[in-house]
Amino acid sequence: MEIYNAQSKSAHATALRSVGDVWNFGSGVQAITPVSRTGPEEYKEHGTTTYKTGPGITPGHGNDKGVLYKVFEPGSQILRCFQCHSTGRVNFTPEQGIQPSELGVRCESCHGPGADHAKAPSKFNIFQPRNLNGDGVNAFCGNCHRQPPKEGEDTNWSDPWNVRHQPVYLSQSKCFLASAGKLTCMTCHDPHGAKPTRNACADCHAKPRHRTLKSGTCAGCHMPAVAPSKELKFTNHWIGVHSR
Ligand code: HEC
Ligand code: HEC
Ligand code: HEC
Ligand code: HEC
Ligand code: HEC
Ligand code: HEC
């Protein structure tokens, strides 16, 4: 019950909501972008996004007119929005409208189908991400937060928009590489959103060797905030010594 109640209020659970005939993407922790149907096979991502700081142009849009998407184009981008922001299969209505099974990132997004488990609870009939190591968790959360780069794949490390892909950056940090699979997203985060982000540095760095330690938090200096636009802010998950 505790996990259920906490999760239903989390940013994961509220990552997609429906209000009348508009789909609101984003929990509002950072931003909410509306998407609505504009034709039999067409959806519009609205040009105005509500940021925590107020309304502004949607990321990636040049003006506030909005961007149209076809549902059945190859690699359909609009279907992919729904896939990452909802749980279970994305279905279609008889009129070819998009119909997600469950709104937001809920239990079965991460624990797999749970009907058998609900009927006869056992640890053998539910997926337990607890058993994954560091690479396993990066890949698992990376299904939505983006996968670490494969060998030989190029990443533009100084593009501030890429910083929002946390597994990509964490996978490069010495803390991750040198801790033999022990450092995972869950070292610091509760995926159910029940507990605040933990300052886990002392687990492994009891006494860091600082020449001068000015005021500030460990993460503030070693995982600095990066703002790709004036409205959004992400955390550099490449833990390390950053200038500034
Ligand atoms: C099915 C897609 C999906 C998966 C799988 C997923 N996430 Fe998320 N996550 C999201 C979306 C979408 C948001 C944005 C919610 C919002 O708009 O604020 C988010 C937000 C977050 C946040 C920030 C908000 C908060 O609750 O503090 C954290 C931290 C997070 N995810 C961690 C994880 C971790 C850790 C995993 C793996 C155990 C994971 N996520 C797996 C889609 C996913
Ligand atoms: C590959 C999975 C994926 C796809 C596809 C995807 N999102 Fe997201 N979305 C996320 C995750 C993870 C987050 C949280 C962190 C972040 O911004 O990367 C998020 C966050 C957001 C936010 C909150 C602002 C923010 O950046 O935190 C909005 C709004 C949003 N997405 C809208 C959309 C829309 C609209 C589409 C389709 C055009 C879309 N998303 C496609 C995974 C996805
Ligand atoms: C974003 C992914 C995500 C979502 C959504 C999610 N969980 Fe989890 N859950 C995890 C991860 C990852 C762990 C392992 C935690 C750890 O390693 O500390 C976990 C652990 C658990 C555990 C403890 C099992 C154990 O290993 O001790 C329970 C019970 C659980 N989740 C139930 C739920 C329920 C019920 C929901 C929906 C209300 C839910 N989870 C939603 C990712 C998720
Ligand atoms: C699971 C263990 C673990 C955790 C948790 C962890 N680290 Fe590390 N970290 C390491 C290891 C192992 C190294 C590499 C050994 C070394 O060079 O001392 C390292 C290296 C570093 C370095 C040097 C990086 C470089 O590129 O040379 C810094 C700075 C650092 N950690 C800061 C932090 C901070 C700040 C936190 C908390 C936000 C943190 N670490 C959390 C294990 C960890
Ligand atoms: C060493 C600790 C640590 C680890 C490991 C870690 N995070 Fe974070 N994360 C933070 C801190 C600190 C913040 C910023 C403060 C906050 O959101 O509470 C943050 C913020 C976030 C956010 C909010 C958006 C942003 O970028 O600021 C998301 C989403 C997120 N982390 C996902 C992940 C995922 C997915 C993983 C695993 C690949 C992960 N984190 C691993 C410490 C960590
Ligand atoms: C004001 C910024 C700042 C703060 C706050 C800070 N650091 Fe550092 N840290 C640095 C700089 C800069 C270096 C590079 C070495 C130097 O100049 O002393 C460093 C080096 C390190 C190293 C690598 C040296 C070593 O011991 O091997 C670790 C680990 C580390 N810090 C961990 C932490 C932890 C844990 C905290 C929180 C208790 C923290 N730092 C707080 C700026 C900071």
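**Ligand sites in a predicted model**

Around the iron atom of ligand 5, the six donor atoms subtend angles of 87 to 179 degrees, and the arrangement is therefore octahedral; six donors count as such if opposite donors are over 155 degrees apart and all others between 65 and 115. Donors here are N, O and S atoms within 2.8 Å of the metal (3.2 Å for Na, K and Ca), and since water is not among the atoms, sites may look incomplete. The protein contributes His 189 (NE2) and His 237 (NE2), which lie 2.0 to 2.1 Å from the iron atom of ligand 5. This pair links distant parts of the chain, 48 residues apart, with His 189 in the loop between helix H8 (185–188) and helix H9 (201–204) and His 237 in the segment after strand S11 (234–235); helices (H or I, at least four residues) and strands (E, at least two) are DSSP runs, numbered from the N terminus.

This is a predicted model, in which local features need pLDDT of at least 70 and side-chain atom pairs count only at pLDDT 80 or more, whereas totals for chains, interfaces and linings use all residues. Residues are numbered from 1 along each chain as its sequence is written, chains are lettered from A and ligands numbered from 1 in the order in which they are written, and side-chain values use heavy atoms, with hydrogens and water left out.

His 189 counts as partly exposed because its relative accessibility is 37%, while His 237, at 14%, counts as buried (buried means under 20% relative accessible area, exposed over 50%, partly exposed in between, with a 1.4 Å probe and protein chains only). A polar side-chain atom of His 237 also lies 2.9 Å from a nitrogen atom of ligand 5. Oxygen atoms of ligand 5 are approached by the side chain of Gln 166, with an N or O atom at 3.1 Å, and by a polar side-chain atom of Thr 235 at 2.7 Å.

The shell around ligand 5 draws at least two residues from each of helix H5 (134–145), helix H6 (166–170), H8 and S11, and H6 supplies the largest share, three residues.

Turning to the other ligands, the iron atom of ligand 2 has a single donor from the protein, His 85 (NE2), 2.2 Å away, and His 85 is placed in helix H2 (residues 77–85). For ligand 4, helix H7 (174–177), H9 and helix H10 (218–222) each supply at least two residues of the shell, and a polar side-chain atom of His 205 lies 2.8 Å from a nitrogen atom of ligand 4.

Note on methods:
Four donors count as tetrahedral if all angles lie between 85 and 135 degrees; four count as square planar and six as octahedral if opposite donors are over 155 degrees apart and all others between 65 and 115; anything else is irregular. A polar contact is a pair of N or O atoms within 3.5 Å; within protein, one must be able to donate a hydrogen and the other to accept it, and residues adjacent in sequence count only if both atoms are side-chain atoms.
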